[in-house]
Amino acid sequence: MKKTWMIFSTILLCTALMGCGTKEEKDTSNNSAPIEENTDETANDEVNLELADKASEKIKELEEVESATVILTDNNAYVGVVLNKKADGTEIKEGSEELDELYAKIRKELSMTNANVKNVYISINPEFVTRLQDYGEKIEEGKPVEGLFEEFSETVKRVFPDAK
């Protein structure tokens, strides 16, 4: 009887654990951005990709920044930044405290120019900056957003893998 009860308990426990293992975890970090492939918006081609010229200009006013491109989607801002060299000719390094401080300044500028932005993604990666500039030009030219959004989403997912 004791052996039967132990086998039954083990089977029950395994079944419960298998059920829990299929649940998908959600990323609740502050840097997550809700970019989903199969939302109603993407299905209906009503996605809003917007070039934020005012925010770009404010960011360019920062002494560390040579140029900036800002694209908004829903409540998300994607920022591509080209940095100026420092007075001593060196550059701000990826992962440095100096870069973290600059990112904080950029987030502040964005919150002042676009109050509805909840998630801000910033990159100094030259490839991402170039792509963002290309998307900005396409948006300004009034190119159809339907194919552009899919391409933009794929680029964002590569540079910001935590974005959802």
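**Close-up views of the predicted model**

The structure holds five salt bridges, a salt bridge being a side-chain nitrogen of Lys or Arg within 4 Å of a carboxyl oxygen of Asp or Glu. This is a predicted model, in which local features need pLDDT of at least 70 and side-chain atom pairs count only at pLDDT 80 or more, while totals for chains, interfaces and linings use all residues. Residues are numbered from 1 along each chain as its sequence is written, and side-chain values use heavy atoms, with hydrogens and water left out.

**View 1. Overall arrangement of the protein.** Six helices and four strands make up the elements of the protein; helices (H or I, at least four residues) and strands (E, at least two) are DSSP runs, numbered from the N terminus. Their order from the N terminus is α-α-β-α-β-β-α-β-α-α. Of the 164 residues, 36% are buried, where buried means under 20% relative accessible area, exposed over 50%, and partly exposed in between (1.4 Å probe, protein chains only).

View 2. Four strands form an open sheet in the order 1-2-3-4, with mixed pairing; two strands pair if DSSP finds at least two bridges between them. Strand 1 (49–51) and strand 4 (119–123) are the edge strands, each pairing on one side only. From one strand to the next, the twist averages 20°. Strand 3 (residues 76–83) pairs with strand 4 in the parallel sense over five bridges, and V79 has I122 in strand 4 as its bridge partner. Helix 5 (residues 126–140) lies across strand 1, strand 2 (65–73), strand 3 and strand 4, and runs at about 120° to strand 3. Axes are lines fitted to C-alpha atoms, for helices over the stretch in contact (heavy atoms within 4.5 Å), and angles run from 0 to 180 degrees between N-to-C directions.

**View 3. Aromatic pairs around F152.** The count comes to six aromatic pairs; rings of Phe, Tyr and Trp (its six-membered ring) pair if their centres lie within 6.5 Å, with planes under 30 degrees apart counted as stacked, over 60 as edge-to-face and the rest as tilted. Y78 and F152 form an edge-to-face pair, at 5.3 Å centre to centre and 85° between the planes. Because Y78 lies in strand 3 and F152 in helix 6 (residues 145–159), this pair ties together parts that are 74 residues apart in sequence. Y78 is buried, with a relative accessible area of 0%, and F152 counts as buried at 1%. Y135 and F152 also form an edge-to-face pair, at 5.4 Å centre to centre and 80° between the planes. Y135 belongs to helix 5 and F152 to helix 6, so the pair joins parts 17 residues apart in sequence. Y135 is buried at 2% relative accessible area. Ring pairs link Y78, Y121, F128, Y135, F152 and F160 into a cluster.

View 4. The closest N and O atoms of the salt bridge between E64 and K105 are 2.7 Å apart. This pair links distant parts of the chain, with E64 in the loop between helix 3 (53–60) and strand 2, and K105 in helix 4 (residues 97–113), 41 residues apart. E64 counts as buried at 17% relative accessibility, whereas K105 is partly exposed at 36%. E98 forms a salt bridge with K86, the closest N and O atoms being 3.2 Å apart. E98 lies in helix 4 and K86 in the loop between strand 3 and helix 4, so the pair ties together parts that are twelve residues apart in sequence.
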